[in-house]
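Hi,

Here is the structure I promised to pass on to you. Have a look at it first, and then read my notes below.

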Amino acid sequence: MTKASGGKYLIFTLGKEEFGLSIQKVKEIIGMMTITRVPKTSEYIKGVINLRGKIIPVMDLRLKFGLDERTYDERTCLVVVEMTDNAKLIALVVDSVSEVLNIQNAEIELPPEYASQDDAGFLRGIGKVKDRVILLLDADGVVGNQDLTYLRRNIDLGGEFHVQQA
Amino acid sequence: MNEQSSLDPEIIQDFMSETGEHLSRIELDCLELENDPSNSELLNNLFRSFHTIKGLAGFVQENSIQDISHKTETLLDCFRKSGGHVNSTVVDLILKSADIIKYICKQLVKRENISITTSITEHMTNLSDWVTLLGNCEKTEPNRIRLGEVMLREGKLSEEELLSLLKKQKESGKNFLLGQLAVLEGKATPQQVVESSRKQEAMRGDLFKTDNAESSTMRVASEKVDNLVDMMGELLILQAVMEQEAKKRFTSDDIFMQNLVRNVRITKRLQDSAMSLRMISLKPLLQRAQRIGRDTAKVLEKQVNIVISGEETEADRNVTEKLAEPLMHLVRNCVGHGIENTQTRVVSGKPETGQIHIRAFTRRGHVYIEISDDGQGVDHDKIYKKAVEKKIIDSVKSYSREEILDLIFLPGFTTAKEVDSVSGRGVGLDVVKTEILKLGGKVEIKTEKNRGTAFILKLPVNLVVINGTVIVIDDNSYIIPTLSIRKIEKVYDSNWVTVNGQRRMVKQGKDLFSLIPIDKILELETCPENLIVVIEQDGKAAAIPVDEVKERRDIVVKSLNGEFRDLGYASGATILGDGRVSLILDIENLIRMGGEKSDDKGFGR
């Protein structure tokens, strides 16, 4: 895993925590818009939106990180990021976007050992700017390569509808 | 080859696409020539094609291609001059030349060093031998028109003047060109000579000219067209949004609305023509299949005549592109399995030569390609036995004829005893079915013992714009492709048929439709019960309960990102007039989900 390097970061919040995404990965920031539900996907996939003619998936970062769901309000934002591998776009739901911050290389520390083990593989460093602690995320790692469709592959979709035997 | 790698990729690209066109023309002409050996026009076409390739190869400095096309050209010229008829050995030779050029081209694209294999050198020698055999034609330039003749014809020189000039030219040891001498001797002005020599060029050009009618086409990079179609899609979406907004604000007699309506009409036409740019004729595809069939027949030593028709049929490039492989497998299948060998055919009272007909046509928004043969037909019993033997089906249950026939599309299924170069591994038909399904099409098979077999491929004309019906389920809009809708009906309590307390079917008069459990599929808490939309595909029908049916409109199909590919219930998405995304229901899958539960049949999958 490579440590996050210095540069400009988009800072957003989820609850009380502050997170940073490298500005290079961020395509745009938009207000909340109508999301079309896509059934049979993971709960953190809220559905799809129409971004100027492009249909892109929406991932709720709160749910992805196992935080409580929160009703979207006027501060809720969609941060559209681009995947490195295939240039695909995905919109991340965050509580609010605060600023773009220049974080120096020297201000970034490696995440603690335990965090880099498995599910926190998307944490690339901890930015310590003055008295703030900013968790620097790797967008590709957050979205992951896993299939967003949480399919009950082993159950034939029709299987559930068999007449139950008493 | 170092100079090759320094070549501009664009030049190579141009070379490839132009050469490719000529090569496919060569194939077609060859096949036609075989059937009609006295046709001198075909010989001329072939000659021109090779000549052009030779010229093109000069640009990319590809000597081997130049050599081969030159030799082939010479061979063709011999026939052209002598008026001799081309037999199938010569056609093979010409086709081989085309194949070799294709092969070299492939290496050229990959920027590999051109490897001249022994088979290529052999072929070259073979070509030269033929030319020697036919009398060396290489030295006489084809129908060369001399400058003197032109000037004579134009009255710029008299016959005596020309003769004396020619004499002087000979005396000077051919150090001067005729035109130069004419000027030096004061018989003609330089302008006149230039004029005549242009004329001479033009006349010579006539001989090599390609059909001008065909060159009124323009080569455009496919990405540009794809881009245009994409933008068109966005424009349509935006327009739908604007229409919806405008309807709220203006009355229909408002000047703005009138203009908007006009705008809509123009956009529609614009969209049609943008779409038509991507429509390409199936001709090259069918020709290729014909060629493959011919070659397969040669390998298997079978006598087969392959006819193609409906080449003018068009389909979206995205569709045609993916048809090449399935068609190849089907044709090989027809030649390999369908057509019997000559003895068998004679015994069963059929003409010695087998017939294969590849036919394309359009009907109701779909393109059909039918490949039929007059061979032995698919042996229903043999498949059944093999399937039981392989434990694919259960000998206790009974299966319909269609179900048995459908088995031949299973991967690895074959009735052939041995694997040969053409078939027997049971891969081909599986590929066909998978590819066609991926395109949203289907494969049908009709067969009759000893009468022949027909495979019918049904495909959507394009994958971009379809007519969809917008329905609402639980406050969400979904799209059902209008072509798949049989009817929309109101349902009453008495229409439901329940099994163990669950609504399973809908009764409408004499019809009984199985109900698609849309609430479970879409993870809803309640199931709509107002209306049903009866959907139908491949003769199977089922009912989707919906809350509301809104409108019917042309929609732009967008594929869902890879992440959503396996949803099962949706095949794509579109953007509606309100700017919202709406999922397009996958009719085929839904029917399967709903339909199969009512009668527990199938192959134990």
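Let's begin with chain B. It has 605 residues, and 33% of them count as buried. Please keep in mind that this is a predicted model. Chain B holds 21 helices and 18 strands. If you take its contacts with a separation of 6 or more, 67% of them are between residues 24 or more positions apart.

Now for a sheet in chain B. Strands of a sheet pair through backbone hydrogen bonds, and they can do so parallel or antiparallel. Here 5 strands make an open sheet, in the order E16-E8-E9-E18-E17 (chain B), with mixed pairing. At the edges sit strand E16 (548-556) and strand E17 (570-575) of chain B, each of which pairs on one side only. On average, neighbouring strands in this sheet are turned by 35° against each other, if you ignore direction.

E17(B) runs antiparallel to strand E18 (residues 581-585) of chain B, and 5 bridges join the two. As an example to find on screen, B:Gly572 has B:Ile584 in E18(B) as its bridge partner.

Next, a pair of helices. Two packed helices are described by the angle between their axes and the distance between those axes. For helix H4 (residues 63-82) and helix H5 (residues 88-109) of chain B, the axes come within 10 Å and cross at roughly 170°. Angles over 145 degrees count as roughly antiparallel, so that is the label for H4(B) and H5(B). Which residues of H4(B) meet H5(B)? On the H4(B) side they are B:Ser64, B:Ile65, B:Ile68, B:Ser69 and B:Thr72, and they meet B:Ile94, B:Ser97, B:Ile100, B:Ile101 and B:Ile104 in H5(B).

Then there are the nonpolar cores. The largest one has 83 residues, and the residues with the most contacts inside it are A:Val79, B:Leu585 and B:Leu590. At least three residues of this core come from domain 3 (223-280) of chain B, and at least three from domain 5 (465-595) of that chain. Apart from it lies another core of 36 residues, including B:Leu285, B:Cys334, B:Val443 and B:Leu459. Do click on A:Val79: leaving aside neighbours within four places in sequence, its contacts are A:Leu10, A:Phe12, A:Leu21, A:Val26, A:Ile29, A:Ala91, A:Leu92, A:Val94 and A:Val97.

That brings us to chain A. Of its 166 residues, 31% count as buried. You'll find 2 helices and 11 strands in chain A, and along the sequence they follow the pattern β-β-β-β-β-α-β-β-β-β-β-β-α. Among contacts in chain A between residues at least 6 apart in sequence, 56% join residues at least 24 apart.

Strand E9 (residues 108-109) pairs with strand E10 (residues 123-129) in the antiparallel sense, over 2 bridges, and A:Glu109 stands opposite A:Ile126 in E10(A). E10(A) also pairs with strand E11 (residues 132-137) of chain A, again in the antiparallel sense, and here there are 6 bridges. In that pairing, A:Val129 stands opposite A:Arg132 in E11(A). How many residues lie between the strands in the hairpin of E10(A) and E11(A)? There are 2, and A:Lys130 takes a positive phi near 50° in this hairpin.

Cheers

How values were computed:
Residues numbered from 1 in each chain as written. Chains lettered and ligands numbered in written order. Predicted model: local features only at pLDDT ≥ 70, side-chain atom pairs only at ≥ 80, totals over all residues. Pairing = 2+ DSSP bridges. Helix = DSSP H or I, 4+ residues; strand = E, 2+ residues; numbered from the N terminus. Axes fitted to C-alpha atoms, helices over the stretch in contact; angles between N-to-C directions. Buried ≥ 20, exposed ≤ 12 C-beta atoms within 10 Å, placed from the backbone. Contact = placed C-beta atoms within 7 Å. Core = buried A, V, L, I, M, F, W, Y, C linked by C-beta atoms within 7 Å. Domains from an automatic or database assignment. Parallel < 35°, antiparallel > 145°, perpendicular 65-115°, else oblique.
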